[in-house]
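Trainee: I would like to learn how to read a sheet, a helix and a cavity in a model. Please take them in turn.

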Amino acid sequence: MFSIKDAEFLFLAGINAMLVVAALVLVGSQFMTPYNFQSMGTQVPELGLLALGVMLAMISGRGGIDLSGIALANLAGVVAFQVAPVFVVLDTAPVEYFLTFSAVALIVGVLGGALNGALIGYAGMTPIIATLGTQLLFSGIAVGITGGSALQLGYIPVIDNFGNMPLWGVPRTFILFILIALTLAVILRFTRFGIHLFLMGSNPTAARFAGVRVKSLWFRTYLLVGVLASIAGIIIAARTSSIKWDYGTSYVLVAILISVMAGVRPEGGHGRVVCVVLAATALQILSSLFNFMQFSNFFRDCAWGLLLLLFLANTRIDWGAYLPSALWSRGESKP
Amino acid sequence: MLKKNKTILATFATSIALSYSGAVIAQDEQEIVTVVKVTGENWFTRMEEGVNAYGEEHENITTRQVGPGRADAAQQAAIVQDLISQGVDALAIVPMDPSTLEGVLRRAMGRGITVITHEADNLQNTHLDLEAFDNAEFGAHFAEDIAECMGYEGKWTSFVGALGSLTHVQWADGGAEYMSQFPDMELISPKNESFNDSNRAYDLAKQILRSHPDIKGFQGGSAIDVIGIGRAVEEAGLEDETCVYGLGLPRDTSAYLDSGAVDGIAFWDPKDAGYVMNILANKVLNGEEVTTGDDLGVSGYENVTVTEGPGEGKIVRGQAWVDVDASNWSDYPF
């Protein structure tokens, strides 16, 4: 007996496997090198973290979404770049520098997330409008600080190793991404925060009458989303050894696409971390496959749009109604 | 379970693939891929002509041009990363933002891929960076035209896209430096910022014409500055009294060149830049050195200057500006 959530998981895992087989048939040996898998692995985490953020926002319901993710990620990098040298000298203590850099970035993520949370949770603003506003605010501040130009971290072995070099054959940023995803999955499944979040996402009114402090819950959710964005910011800074306010402007839509592919319901109350991770890897394999096959990059944008619509339509259609009921039992909305 | 199957499948696939790979690599075709900032812009469509021309003229070399559908440094970096995985022989890159590519290009060079860049003289991880010309010389070139047109006396001003745009500021400074030899030339409110917006350039030019009705010379910075200035000059009916020169694209500026509101523009031909990047890539692949005074066989790059770059690489500069006025703009289809 399959439940809906198992079906989603198997579907996405199947897509991953199919894409790898397709790549083997269409491109061949070049695609199957360990180097290529490492290269794809380093590209997944920044987008994956933003997608996890979008997932949390969507689960929380009331049209939840986060458009400010990548702007906050870049702002976190910009501020950390300015503040970190005040505490640690880079040349003498690169490890401490990177730790300070990360700490400052995380603080910016907490503050930015708290702003989103306050606007959405306590001021009751619509998430799409509130995060559109903070997106402009965050990138505005980043432009103001940098004057619009890129900040050069330069070649710092510690940071570059973290961003680009694999550990036991797996990119370190990818390991970090998986660890964060695991933690998040545990939080959503086993803590009161997680259980209340799904309850609130399905029906905020019922949740409020059941004694859930919905405002505070929304606030904490968006705070967590902000933290995820700032971790993405640290990874971007490490990977590109630089920080720029408008890096990854196309990520906003792709992060939403990944969540929707993963079966996260924009209406709220449903979504799984493992599905988001699988959707992110599937999209990365597809994107690299397009590059290997020398497809036009306009075609990729078009394909992303089609995928988004297709998966949205998929969640709207109740396939269970077309199958014998013995095969299907509607799953509960749990992580 | 499924995941495990996938790994087994992948390992299996790899082993098959590896046994075939010998046959694929055995060809000694060299592959040079040019990565541009964004696909579909006229500038880079023109560059593609040069890239393709090089591939057609040379056997054993395949060339192609790719670029993101949107001007986003992240998308460009992703394309470069996938190209490195494909194991191309050389990359010729016009970076969206040079510093964001440092890490990726370091890995490319680490895997023995030749890296050529264009418009990125601050990039460290490159073998050769190609610049069409020395920026100060380019600015002086405009100033020369303006001074001659004005009869070496009168008021003039300069525009930049933004004070943060290094090249634009270098052009404005190079122009001012050249003008300083003529005592009767007066520079007023230099380096007006148009923010790459022709309406803003138009407003600024109108203000300047109002506060200095006797102004004669304008030096444009960003490619759209001359368009805004030209419109202001045309509205004021001062086509014959003023001298407007600057960077511009022939198609976009043609109307003002014909009316005389803009007297002349200069630019570097992206077709030649694309072609020369591939020449350089081929030279590095063959282990040839490029030194000052070399003739690369393309107009404007017949006597290149080679200087040390900020990293290991070198910077190759030509004198490849193309002057265009009302008489010859139609020769350039972009």
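Mentor: Two strands pair if DSSP finds at least two bridges between them. Helices (H or I, at least four residues) and strands (E, at least two) are DSSP runs, numbered from the N terminus. This is a predicted model, in which local features need pLDDT of at least 70 and side-chain atom pairs count only at pLDDT 80 or more, while totals for chains, interfaces and linings use all residues. Residues are numbered from 1 along each chain as its sequence is written, chains are lettered from A and ligands numbered from 1 in the order in which they are written, and side-chain values use heavy atoms, with hydrogens and water left out.

Trainee: In what order do the strands of the open sheet of 7 strands in chain B run?

Mentor: The order is β2-β1-β3-β4-β5-β13-β12 in chain B, and the pairing is mixed. At the edges are β2 (61-66) and β12 (305-308) of chain B, each pairing on one side only. On average, neighbouring strands of this sheet are turned by 20° against each other, direction ignored.

Trainee: How many bridges join β12(B) to β13 of chain B?

Mentor: There are 4, and β12(B) and β13 (residues 314-317) of chain B run antiparallel. Within this pair, B:Thr307 stands opposite B:Ile315.

Trainee: Which strands does helix α2 of chain B touch?

Mentor: Contact means heavy atoms within 4.5 Å. Axes are lines fitted to C-alpha atoms, for helices over the stretch in contact, and angles run from 0 to 180 degrees between N-to-C directions. Helix α2 (residues 42-57) of chain B packs on the sheet and touches β1 (30-35), β2 and β4 (114-118) of chain B, its direction making about 170° with that of β2(B). Helix α10 (residues 270-285) of chain B lies across β1, β2, β3 (90-93), β4, β5 (128-131) and β13 of chain B, at about 155° to β4(B).

Trainee: What span should the 14 residues of helix α3 of chain B have?

Mentor: The expected span of a helix is 1.5 Å times one less than its number of residues. For α3 (residues 73-86) of chain B that comes to 20 Å, and its end C-alpha atoms are 20 Å apart, which agrees. B:Gly87, with a positive phi near 70°, follows α3(B).

Trainee: Is α3(B) buried or exposed?

Mentor: Buried means under 20% relative accessible area, exposed over 50%, partly exposed in between (1.4 Å probe, protein chains only). In α3(B), 14 of the 14 residues are buried, so the helix is largely enclosed by the rest of the structure. By contrast, B:Thr167 counts as partly exposed because its relative accessibility is 31%. B:Thr167 belongs to helix α6 (residues 166-179) of chain B.

Trainee: Which residues line the largest cavity?

Mentor: On a 1 Å grid over the protein atoms alone, a cavity is a set of points where a 1.4 Å probe fits but cannot get out; lining residues have an atom within 4 Å of a point. Grid points are joined across faces, edges and corners, and a volume is the space filled by probe spheres set on the points. The structure holds 4 cavities of 30 Å³ or more, and the largest has a volume of about 60 Å³. Its lining includes A:Asn291 and A:Phe295 from chain A, and B:Arg64 and B:Leu83 from chain B. The largest share of that lining, 3 residues, comes from α3(B).

Note on methods: 1 Å grid on protein atoms, 1.4 Å probe; cavity = no way out; pocket = protein on both sides within 12 Å on 5 of 7 lines; lining within 4 Å.
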